[in-house]
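Let's take a friendly walk through a protein model. Have a look at the sequence and the structure, then read on.

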Amino acid sequence: METAADATELRPSPSAKPSRRRHRGLFKYPVVRQLIRFTGVGIVCTASSLAIYALLRPWIDPQLANAVALIVTSLMNTALNRRLTFKITGHKRRAQDHLSGLIVIAIALVMTGGSLGVLHLFRPEATVTEELWTTTLAGFVATAVRFTLLRHWIFRRARHV
């Protein structure tokens, strides 16, 4: 028996395959699309991390403020990159992805914390603005490391999206 939806072709036939989007130019490379999405996530997370650091810094040590800011934003960063950059949905391996993400953030913490240590070694009277510039520049290097580790280690199962 044919239904109204069948008669008017409102439902796709079971054998019809969904159309696949074709990307052109540089966008045909998955890594380019991932880098663009990763950059958007990074902007949001960096702004959040800098805001948290700036809010905490007047009351606590720069290393502790940096650690708190990175740890707080790390869960958000992993969740956003998992969903938006690498298109992984669902609960499967989510906890493992977040634990691996904490390792990646620990590496970033060593890099940014080390840069703060070097800054204070040479300029013990450094201002919060100088600390923010230092952690931001070190953060750029840490970001490149983070993308590489996310793409080739944590989310390697979704490298080609």
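## Aromatic rings

Phe38 and Phe147 are both buried. Keep in mind that this is a predicted model. Where do Phe38 and Phe147 lie in the sequence? Phe38 belongs to helix H2 (residues 30–56) and Phe147 to helix H5 (residues 128–154), so their pairing ties together parts that are 109 residues apart in sequence.

A pair of aromatic rings is described by the distance of the centres and the angle of the planes. The count here comes to three aromatic pairs. In the pair made by Phe38 and Phe147, the ring centres are 4.9 Å apart and the planes sit at 65 degrees; angles over 60 count as edge-to-face, so that is what this pair is called. Zoom out a bit, and you'll find Phe38, Phe86, Phe147 and Phe155 forming one aromatic cluster.

## The largest pocket

Now for some open space. The largest pocket has a volume of about 380 Å³. Its lining is made up of 25 residues, and Thr46, Ser49, Leu70, Gly139 and Thr143 are the ones nearest the centre.

Which helix gives the largest share of that lining? That's H2, with nine residues. At least two lining residues come from each of H2, H3, helix H4 (94–122) and H5.

## A patch on the surface

Let's finish on the outside. Leu64, Val68 and Val72 make a nonpolar surface patch, and together they have about 230 Å² of accessible area.

Take Val68, which sits in helix H3 (residues 62–85). Is Val68 buried or partly exposed? Val68 has 31% relative accessibility, so it counts as partly exposed.

Conventions
Residues numbered from 1 in each chain as written. Predicted model: local features only at pLDDT ≥ 70, side-chain atom pairs only at ≥ 80, totals over all residues. Heavy atoms only, no water. Patch = residues over 30% accessible without salt bridge, like charges linked within 9 Å, V, L, I, M, F, W, Y side chains within 5 Å. Areas by Shrake-Rupley, 256 points an atom, 1.4 Å probe, with all protein chains shown as cover. Salt bridge = Lys/Arg side-chain N within 4 Å of Asp/Glu carboxyl O. Helix = DSSP H or I, 4+ residues; strand = E, 2+ residues; numbered from the N terminus. Buried < 20%, exposed > 50% of the residue type's maximum accessible area, 1.4 Å probe, protein only. Phe/Tyr/Trp six-rings, centres within 6.5 Å; stacked < 30°, edge-to-face > 60°. 1 Å grid on protein atoms, 1.4 Å probe; cavity = no way out; pocket = protein on both sides within 12 Å on 5 of 7 lines; lining within 4 Å. Points joined across faces, edges and corners; volume = space filled by probe spheres on them.
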